[in-house]
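Below are some comments for a colleague on the contacts between the chains and on the aromatic pairs. Please read them alongside the structure.

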2 protein chains.
Amino acid sequence: MPRPSKPRLSKDKIHRAALELVDRDQDFTMPQLAARLGVSPSSLYHHVKGGRAEIIDGLRARIGGQTRHLLHETGASWDDRVRQWARAYHAALSRHPFLIPVLVGESVDDTPTLDLYEDLATVLREAGLRGEDLVLGLSLVDVWVLGAAVDAASPEPLWDTDPEKHPVLHDAVRSVSTGRAARTFELGLDAVISELRSVLERSGRP
Amino acid sequence: MPRPSKPRLSKDKIHRAALELVDRDQDFTMPQLAARLGVSPSSLYHHVKGGRAEIIDGLRARIGGQTRHLLHETGASWDDRVRQWARAYHAALSRHPFLIPVLVGESVDDTPTLDLYEDLATVLREAGLRGEDLVLGLSLVDVWVLGAAVDAASPEPLWDTDPEKHPVLHDAVRSVSTGRAARTFELGLDAVISELRSVLERSGRP
DNA sequence: ACCTGAACACCGTTCAAGT
DNA sequence: ACCTGAACACCGTTCAAGT
């Protein structure tokens, strides 16, 4: 087949198809992606020269962009703004839970996600955190949101227990309710906010 | 080459070689593993019939076993015991930081790791947590330890910032010191313990 | 510019054949 | 029982060839 008069592919189409595959299969491969787009695998490289790695970067950027779209900064208190930030990011990640394992372990360098972290850094700075405390605050919120997202993407039950060998754990697993991951996220978010508050107090601000 | 008089391979050798590869390359493949053991890829399947997935399971079990080996339960208070548990698991995971992305997203069913979580469940139960609160407590500690381990495995700097576009974030990144991940872990651990304490108080125990 | 098919160097896994 | 080589169905990526 020759070159079509209108391009069949675009970055946006590629990203959307990749997300659909991740949502369905927990992962995507280049041939699968090409098949879904009715195109040959090599065609993909005309639109995304960095290949698979660049596509993953694009997906991360999409999540970052969606998160910022959810963020309507009101004049609320710093802790409410941190809560909003964490919930928005968590919500955006939760729409594609299987994406998190794919994203994990790579350094962030796309503009939307960096913009997102700039937002958080600004809130924490306005709250009064500086220097190393600011970095620790960022890390604290970041680790919690990403950790909770990985947790949300994990299969339930988390633990495959035998009542004989692990009675206490087994009993706990039995009383798991729907929304466990969501409630864990909220509980930990409370914990993180409290800790930020005590860091602020320690550094001498109310 | 025929069958040797003494087996060249064993589960233990395979696991150790796989860990070495993960430590060096952040991952392992069956051919790489075979080459390192001086053997053909197909040989591996005589010792580990579940293939790559079973090897990964074995690595998780090793970490679980090592963690329990670090745990010498003293008659300390529940919060000290939770701290010990989290630090031991964190330490075991930190010895092989690149292993975490490999482990993530699979349900736990090996005995050593289940034993480990049974330990934690027992401590939390003795502290007074029951039913759903116990599950939330387990999740809280679990998410934090694994999230912090992923964080520790991430490349520094976490964010590739341009001072023009992301001034606050850039400034924060500049003041990152060595041990950032370790200090984040400790700070979050404090937060988790405090939150567990307030859950206990809410449910009516001192 | 955009798509194709062929090619390359990889994967994980199976299996008959050897001892 | 334990190791081998060949084979299968996959990967991601490159590249000359087409329009």
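1. How many salt bridges does the rule find across the interface of chain B and chain A? In this predicted model, the rule finds two salt bridges across that interface. One of the contacts of this kind pairs the side chain of A:Arg183 with that of B:Glu132, at 2.5 Å from N to O.

2. As for polar contacts between chain B and chain A, the count is 22 residue pairs, with both residues of each pair at pLDDT 80 or more. On the side of chain B that touches chain A, the elements that give two or more residues are α7 (111-127), α8 (131-153), α9 (167-174) and α10 (180-202) of chain B. Of these, α8(B) supplies the largest share, with 15 residues. Sorted by class, this side of chain B has 27 nonpolar, 13 polar and 14 charged residues.

3. On the extent of the interface, 54 residues of chain B are in contact with 54 residues of chain A. The size of an interface is often given as the accessible area lost when the parts come together. Between chain B and chain A the area buried is about 5,000 Å², and carbon and sulfur atoms give 69% of that area.

4. Turning to the aromatic residues, the structure holds nine aromatic pairs over all chains. Why is the pair of A:Trp85 and A:Tyr117 edge-to-face? The ring centres of A:Trp85 and A:Tyr117 are 5.4 Å apart and the planes stand at 65°, which is over the 60 degrees that the class requires, so the pair is edge-to-face. Because A:Trp85 belongs to helix α5 (residues 78-94) of chain A and A:Tyr117 to helix α7 (residues 111-127) of chain A, the pair ties together parts that are 32 residues apart in sequence. Both A:Trp85 and A:Tyr117 are buried.

5. A second aromatic pair, made by A:Trp144 and B:Trp144, is stacked, with 6.4 Å from centre to centre and 20° between the planes. A:Trp144 lies in helix α8 (residues 131-153) of chain A and B:Trp144 in helix α8 of chain B, so this pair joins two chains.

6. Finally, which residues form one aromatic cluster with A:Trp85 and A:Tyr117? The cluster consists of A:Trp85, A:Tyr89, A:Tyr117 and B:Trp159.

Technical notes: Residues numbered from 1 in each chain as written. Chains lettered and ligands numbered in written order. Predicted model: local features only at pLDDT ≥ 70, side-chain atom pairs only at ≥ 80, totals over all residues. Heavy atoms only, no water. Contact = heavy atoms within 4.5 Å. Buried area = accessible area lost by both parts, 1.4 Å probe. Salt bridge = Lys/Arg side-chain N within 4 Å of Asp/Glu carboxyl O. Polar contact = N/O pair within 3.5 Å; in protein donor to acceptor, adjacent residues only side chain to side chain. Helix = DSSP H or I, 4+ residues; strand = E, 2+ residues; numbered from the N terminus. Nonpolar A, V, L, I, M, F, W, Y, C, P; charged D, E, K, R; others polar. Phe/Tyr/Trp six-rings, centres within 6.5 Å; stacked < 30°, edge-to-face > 60°. Buried < 20%, exposed > 50% of the residue type's maximum accessible area, 1.4 Å probe, protein only.
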